[in-house]
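Please look over the sequence and the model below before reading on. The report then takes up helix packing, domains and strands in turn.

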Amino acid sequence: MARISTAPDGPPSSHVGAWAWMRASLFSSPLNTLLTVLVLWLLLMAVPALFEWLFIRADFNASNAQECRESGGACWAFIVEKHRLILFGVYPYDEQWRPLLATIILIGVIVCSCMRRFWKPYLGLIWLAALTAVAILMWGGVFGLSHVENDRWGGLPLTLILATFGIAFAFPLGLLLALGRRSDMPAVKALCVVYIELIRGVPLISLLFMSSVMLPLFLPEGFSIDKLLRAQIAIILFAAAYIAETVRGGLQSIPRGQYEGAESLGLSYWQQMRKIILPQALKVVIPPLVGIFISLFKDTSLVVIIGIFDLTQAAKTAVADAAWRGFSTEAYLFIAFIYFIFCFSISRYSQSLERQLQTGYQR
Amino acid sequence: MAKNSPPSKAPRRRLSWNDPGTRSLIYQVLILGIVGFGVWFLVSNTLHNLAVRNISTGFGFLNREAGFAIGESVIGYSPADTYGRAIWVGILNTLRVSIVGIIVATLLGTLLGVARLSKNWLVSRVAGAYVEVMRNIPLLLQLFFWYAIITEIMPGPRQALNPMPGVFISNRGLKLPTLQGDGLDWILGGLAVAIVAIVLLGHWGKKRQEATGRIFPLGRWAAGLIIIFPVAGWLLGGAPLALELPELKGFNFTGGLTLTPEFAALLAGLIIYTSAFVAEVVRSGIQAVSQGQWEAAAAIGLPRSRVLRLVILPQALRVIVPPMTSQYLNLTKNSSLAVAIGYPDIVSVVNTTLNQTGQAIEGILIIMAAYLTVSLSISVFMNWYNKRIALVER
């Protein structure tokens, strides 16, 4: 009797290994082969040249612009020379450890809030403490720190402050607007609808212009708010409308039974919302909310237009230095890289969160 | 316990805090009162401030002479024209860049979205990298970057880059060839004939397929006809149409179509940024169609291109249209960033107006009204389209 081997056969040799992988994913059809060749050709044309410009022929330690131009590559010496200006703006040079520390604290609390371990009520206290610490560090005037006016703030800390304070205030406002739009009270509902649609219909720039030229007219005589705060208010009012629409989507996705069940327990409106509805609704909208936070972070760059010294404006100022003309590409690439690091890590985080929260069937 | 009362008799409405109706009425009156007071407070402050600063109000300034030049315009404009016309030029410039941007970003974004789902590893990775990089860098920064590339890095007109015949890239912007001459009517006529022929062929092909089951390759025929007929028309008309190439004369180019550095940078930025978002919308729309639809369509023997066109796309469009609408709205609103690189869109023109006349409130109101009108028209159109393609249920 012939023995039959019971060990399972491996897949046929034409289906394993690098060659099979290439055949399946690069050359599976004539069209695919053509595409692969085309893309490879494009990459071959672009990547080595770019790499050469970025690193090989780049000048990292030239002492002046002329030396840098002769190298023929990217002039990273320009960034080395200007990095303090780009990162911290015109903050007093000797005190720049303060914005640095403030930046680290802000990034620290943002990272903490991303970890589920910290999703406890005391997170609010951490935020309060961190924001206070940032305010003390930036303004000074206490604990022997010299006072620094906020028109000298600038660069990365300012961008982060605009974004974090923006989120911290826009989120509760957006929540209230979303609840208002779903309210049974016609007057409240109408007010919220008008606000949300009006804000979403106009660009952020028009709100920033409004805050810079119209707000001073709105306020009583002799009473003024400084430019930075006005821009911050505009950003908060703008983001709140978008957050409200996203949260409304979450509220609509909660089945009616949940509302009725909560009501039948005899909970008051705010108890229903706080204990039953919002925890479920917010969980659904975490991914789109993170998307809004990313676009808010990117939108802070618009304050350039009303002359606030954020990261983008700092780069523009560095570029305008007559002694270092013509290196704007390097400066913009540098801050683009900073923005990218922040936004990309937040979006990656949002994707992982989406996977964790997903309970549906997936192939 | 409540007393038993005959149900026919409606309970007498008493003013009580425990009555939800009364409570909500009081809340609403309170909220409206607060908002009303706030508005009154702001308006009275504003009127007072305007009076103190001696700023006139009203839209009368629209009829006064503007006195400033605008770099580019779709309609005729000179500094002697009124502010009203200047603002209209700004609105048209905004619309021009938005419409071109929306069309190109949709095409490029769809291509990228499909490429990201491609089975070709290299293609999907390259598309993925493009999307991730472009949507994570602020648009304003991208605009500055492209503008700097065009105005600083690009050579002057004399050394202009010439990637293909008739196209010149220099620090004066992009030069493209244009069509000149009166043969345009013949070409348009040919195009019209081609469209009619394609519609008729489509009808006939569908009938034949229903009768015999043989599929008529309409796509190939249509592509052929749409080229052949206009070319035939052009030849019939005696080929009167000449391609006008830009030419270097002295220090600048003459002839051809010009895209100014501002317009080119704004358009490039808007297209590159928005197409990354459009790609994500298209990808998620296609992925939202369940795997079973692909498999079932493949099981009845449809080739992949027909599966995509007949089964997947009609279902994916339902998911795609609402987020696509908001991308279009975003692009239109983002075109306001033009002010940062000096393209004369509505925000930039109104900003100049506002600096000259000091009438900030009217200026901002005009900007907001213009954007609200455009936003509402786009969303009305897209809602109509969305309804048309929505699932029709029994």
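An axis here is a line fitted to the C-alpha atoms of a helix over the stretch in contact, and an angle between two axes runs from 0 to 180 degrees between their N-to-C directions. The model is predicted.

## A helix contact between chains

Two packed helices are described by the angle between their axes and the distance between the axes.

On the α8(A) side, the contact is made by Ala187(A), Val188(A) and Leu191(A). On the α1(B) side, Gln28(B), Ile31(B), Leu32(B) and Val35(B) take part. Sorted by class, this contact has 6 nonpolar residues, 1 polar residue and no charged residues.

## Two domains in chain A

The domain assignment of chain A gives domain 1 as 68-91 + 148-354 and domain 2 as 94-147. Taken over C-alpha atoms, the centres of these two domains of chain A are separated by 18 Å. Domain 1 of chain A brings 12 residues to the contact, and domain 2 of chain A brings 15.

Which helices of chain A each supply at least two residues of the side of domain 1 that touches domain 2? They are α4 (76-88) and α7 (155-181). α7(A) gives the most to that side, with 6 residues. By class, the residues of this side of domain 1 of chain A are 10 nonpolar, 1 polar and 1 charged.

## A sheet in chain B

Strands of a sheet pair through backbone hydrogen bonds, either parallel or antiparallel. In chain B, 4 strands form an open sheet in the order β1-β2-β3-β8, and the pairing is antiparallel. The edge strands are β1 and β8 (257-259) of chain B, each of which pairs on one side only. Direction ignored, neighbouring strands of this sheet are turned by 20° against each other on average.

## Strand β2 and its partners

Strand β1 of chain B (residues 161-164) pairs with β2(B) over 2 bridges. Met164(B) has Val167(B) in β2(B) as its bridge partner. β2(B) also pairs with strand β3 of chain B (residues 173-176), over 3 bridges. In that pairing, Ile169(B) stands opposite Leu174(B) of β3(B), and a hairpin joins β2(B) to β3(B) through 2 residues.

The side chains alternate along β2(B), which spans residues 167-170. Phe168(B) and Ser170(B) point to one face and are buried.

How values were computed. Residues are numbered from 1 along each chain as its sequence is written. Chains are lettered from A and ligands numbered from 1 in the order in which they are written. This is a predicted model: local features need pLDDT of at least 70, side-chain atom pairs count only at pLDDT 80 or more; totals for chains, interfaces and linings use all residues. Two residues are in contact if their C-beta atoms, placed from the backbone, lie within 7 Å. Ala, Val, Leu, Ile, Met, Phe, Trp, Tyr, Cys and Pro count as nonpolar, Asp, Glu, Lys and Arg as charged, and the others, Gly among them, as polar. Domain bounds come from an automatic or database domain assignment. A residue is buried if 20 or more other C-beta atoms lie within 10 Å of its own, exposed if 12 or fewer, and partly exposed in between; C-beta atoms are placed from the backbone. Two strands pair if DSSP finds at least two bridges between them.
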